[in-house]
Amino acid sequence: MNELEFQNILKGKGIEVSERQLKQFQKYYEILVEWNEKMNLTAITDKEDVYLKHFYDSITIAFDFDFNDQTLIDVGAGAGFPSVPLKILYPNLKITIVDSLNKRILFLQEVIDELQLKDIAAIHGRAVTARAEEYAKDHRESVDIVMARAVARLNILDELCLPLVKKEGYFLSLKGRQASEEVKEATKGIQLLGGEIESTHDFTLANHDDFR
């Protein structure tokens, strides 16, 4: 997916990407590739693959959910997916990124600074699960949205993420081929934690076989 395709496909979904936002995505890509030479951020470095499998993939959640000025915690964001692409498109989001590796936090801080993003912070701890549990103790029912992508199975994530969510808030989990199985094994736990499964959305990534 090249930049023009990225912009046009999102426009077809009702999401306008400005020239400034396109430049932010380009800068994000450049920083990602530069830092990836020093540390393992991603196995995907080809530009068109990054735009499809990281940037576009992160944004697909916005096709079925309305983002505006909510508070959001991204658990285990790694190189910033999905929260940083969403922040670029929805600058009024107030985001906290929780990740386990200090080097990734340093990378994310450079992205935040270079892209001039406001109301976004990255914090770290000895492990994503431990840090999320620690964070949850002081921030119970404090945010509108908690998100996780490629972190752990849903029956583990629900225990980490749901306690952070305000009443009437949302936990959004981005999953792959095992999603249906994970939903089944997590349903009881989600209910015990006071949540309910409102909806699931299945699709393939653009014209590829990547199931989401």
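In what sense do strand 1 and strand 4 pair, and over how many bridges? Strand 1 (residues 71-75) and strand 4 are parallel, with four bridges between them; two strands count as paired if DSSP finds at least two bridges between them. This is a predicted model, in which local features need pLDDT of at least 70 and side-chain atom pairs count only at pLDDT 80 or more, while totals for chains, interfaces and linings use all residues. Residues are numbered from 1 along each chain as its sequence is written, and side-chain values use heavy atoms, leaving out hydrogens and water.

Helices (H or I, at least four residues) and strands (E, at least two) are DSSP runs, numbered from the N terminus. Leu72 has Ile145 of strand 4 as its bridge partner. Strand 4 also runs parallel to strand 5 (residues 165-174), joined by six bridges, and Val146 is partnered there with Phe171. Strand 4 (residues 143-149) is largely enclosed by the rest of the structure, because six of its seven residues are buried (under 20% relative accessible area, with exposed over 50% and partly exposed in between; 1.4 Å probe, protein chains only).

The loop between helix 2 and helix 3 (47-59) holds Ala43. With a relative accessible area of 80%, Ala43 is exposed. Its C-alpha atom is separated by 22 Å from that of His124, 81 residues apart along the chain.

Glu30 belongs to helix 2 and is partly exposed, at 36% relative accessibility.
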